Amino acid sequence: MAEIKRMFINGEWVEAEGGERIEVMNPSTGEQVGAVSFGDGRDAVKAIAAANEAFAGWSRLTARERSKYLYNLYELVRKHRDELAGIISAEMGKPLREAKGEVLGAADNFMWYAEEAKRVYGETIPSSVPNKRIMVMKQPVGVVAAITPWNFPVNMVARKIAPALAAGCTVVLKPAESTPLSAVRLFELIEQAGFPKGVVNLVIGNPELIGQEFTASKKVRKITFTGSTRVGKLLMEGAAQTVKKVSLELGGHAPFIIFEDADLDAAVQGLFESKFRTSGQMCICTNRLYVHESVLDTFTDKLVERMRRTKVGDGREKDTEIGPLVNEQGLNKVLDHIQDAREKGAHIAYGGQRLTEGEYAKGFYCEPTVLTNVTKEMKIYSEETFGPVVPIIPFTEEEVVVQQANDSDYGLAAYVYTQNNSRCFRMAEALEYGIVGVNDGAPTQTQAPFGGYKESGIGREGGYYALEEFLETKFVSFGL
């Protein structure tokens, strides 16, 4: 029997209070790849208490001292890149090449915030009266509850805990229950890096019960969450009861706009990066592809040709470009969107089927799919698919496509391909999205702000913007 991985609370590896366990399955093969202790609200209470106890000591350390721990962790994550990537691929199906890139991104976050910890600056402000002096200082928020998704099970953890720790906060992390093994391994490295007990805690288990403790506890002063808009709203509502700070990175429905003057080969490559990484299971994935009518046929042919050369398979195979969906529920949603579009008049230019033969028999695979004749009545036009399906919508006028692109409750990421410099700036300014990739299908970097408009969330991750999310601003007035 496989070793049962445990939770990490107050510097110790512990079983869940209720004694429950959960198996972790490989979506490529249906095989069990591990098992973890599965907790509930009682475990969350213990972890919160440990983080609260550790906060005073951790927050009083100098920035340079906190920085050293983060540097240690950076080195360890880089050293164990291949191992972590293998765990990611095994538990959620991501191709190894992408998984290795994810781990390097996580390491980069730990390095960046090791540096940024030393740059939490205050200021002095000229007083309006002669016998007073004004000072503004920044202090850590307190205990942070972090909730991360399964699609980037290492990098999303790093993006949340690195700035929180740099700011002087302590953390309780709840990773996605379908991908806990990579979080456990990362916490083994956290322990190895020497962080004081209680500073970083790991709770795996029932999301509803743990989430209730996060929102109800007065010891938790900040919740940072990446996931669905529905759950984000529930957390926001719960956090309001104790007026906690929240950072929410929620759903998306990204438009990708290709103008008549675009470099079509570059656009195909950019679309592939945007749409098919992580099998289309990213919040910044393209969901609506708008193509100018004058290049519609040419671009569609180029895209279909790229799909024909795409290898779908087990993420652990080196030539795999697209892996499986994370589970049967995710696969069924993708197939439902395809079927709904077909019934309402869409044409399948490529793909459209579940893969079930041979190596695909026990996994949750869907062919990369290209749909044409897509209309607003179809689910795929307005709902986030979270899978490898591209719906193509023709357009002719810039003003109209901007209106169509902005006609969404979401506002996370958008993409534009054009070689007209003036249009580049017009589109960047007109699109109501927190991230805009202009001739760039992968617009994310550690030092840049990541977050959305509208129902795509609140707050930003990345760069100094993320650090600000974990700091309070205090005004001090000195009478002379």
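UniProt, in an unreviewed entry, places the feature "active site" at E249 and C283. These residues span 35 residues in sequence, yet no two of their C-alpha atoms are more than 8.7 Å apart, so they gather at one spot. Both E249 and C283 belong to the lining of the largest pocket. Please keep in mind that this is a predicted model.

**The annotated pair**

- E249 sits in strand β12, which covers residues 245–249.
- With a relative accessibility of 4%, E249 counts as buried.
- Setting aside neighbours within four places in sequence, E249 is in contact with M156, R159, F225, T226, G227, C283, L412, F450 and S456.
- C283, by contrast, is found in a loop, the one between α9 (264–276) and β14 (286–292).
- C283 counts as buried too, at 11% relative accessibility.
- Beyond its neighbours within four places in sequence, C283 contacts N151, E249, L250, G252, E384, F386, L412 and F450.
- So which residues turn up around both members of the pair? L412 and F450 are among the contacts of E249, and L412 and F450 are also among those of C283.

**The annotated domain**

- The unreviewed UniProt entry lists residues 13–476 under "domain: Aldehyde dehydrogenase".
- In the model, this span is 41% helix and 22% strand, and its end C-alpha atoms lie 42 Å apart.

**Nonpolar cores**

- In soluble globular proteins, nonpolar side chains tend to be buried together.
- Here the largest nonpolar core has 83 residues, and V77, F110, L165, F195, V200, L202 and F214 are those with the most contacts inside it.
- L165 touches W58, R66, L70, V171, F195, V199 and V200, not counting residues up to four places away in sequence.
- There is also a second, separate core, with 39 residues, which includes A267, L296, I322 and I435.

- The 13 residues of α9 reach 17 Å from first C-alpha to last, close to the 18 Å expected at 1.5 Å a residue.
- Its start features D263, with a side-chain oxygen that reaches to within 3.2 Å of the backbone nitrogen of D265.
- Which residues of α9 are buried? They are L264, A267, V268, G270, L271, F272, S274, K275 and F276.
- Those buried residues pack against α4 (96–116), β13 (254–258), β14, α10 (296–308), β19 (389–395) and β21 (413–417).
- Just after α9, T278 takes a positive phi of about 55°.

**Helix α2**

- Helix α2 (residues 63–79) has 17 residues, and it reaches 24 Å from its first C-alpha to its last, close to the 24 Å expected at 1.5 Å a residue.
- An α-helix has 3.6 residues a turn, so residues three or four places apart point the same way.
- In α2 the buried residues are R66, S67, L70, L73, Y74, L76 and V77.
- The cover over these buried residues includes α1 (41–60), α3 (81–92), α4, α5 (155–167) and α6 (180–193).

- W58 is found in helix α1, and it is buried, with a relative accessible area of 1%.
- Leaving out neighbours within four places in sequence, W58 makes contact with R66, Y69, L165, G168, C169, T170, F195, P196 and V199.
- For a sense of scale, the C-alpha atoms of W58 and E305 are separated by 55 Å, and the two residues are 247 residues apart along the chain.
- T369 belongs to strand β18 (residues 369–372) and is buried, with a relative accessible area of 0%.
- A polar atom of the T369 side chain lies 2.8 Å from the backbone oxygen of E367.
- Apart from neighbours within four places in sequence, T369 is in contact with I338, Y350, G351, G352, P388, V389 and V390.
- S28 is in the loop between β4 (21–25) and β5 (32–37), and at 1% relative accessibility S28 counts as buried.
- Not counting residues up to four places away in sequence, S28 touches G93, D314, G315, P324, E359, K362, G363 and Y365.

Notes. Residues are numbered from 1 along each chain as its sequence is written. This is a predicted model: local features need pLDDT of at least 70, side-chain atom pairs count only at pLDDT 80 or more; totals for chains, interfaces and linings use all residues. Side-chain values use heavy atoms; hydrogens and water are left out. UniProt positions are given in the numbering used here, feature names are shortened, and annotations may be inferred rather than shown by experiment. On a 1 Å grid over the protein atoms alone, a cavity is a set of points where a 1.4 Å probe fits but cannot get out, and a pocket is an open set with protein on both sides within 12 Å along at least five of seven lines; lining residues have an atom within 4 Å of a point. Helices (H or I, at least four residues) and strands (E, at least two) are DSSP runs, numbered from the N terminus. Buried means under 20% relative accessible area, exposed over 50%, partly exposed in between (1.4 Å probe, protein chains only). Contact means heavy atoms within 4.5 Å. A nonpolar core is a set of buried Ala, Val, Leu, Ile, Met, Phe, Trp, Tyr and Cys residues joined through side-chain atoms within 4.5 Å. The expected span of a helix is 1.5 Å times one less than its number of residues. A polar contact is a pair of N or O atoms within 3.5 Å; within protein, one must be able to donate a hydrogen and the other to accept it, and residues adjacent in sequence count only if both atoms are side-chain atoms.
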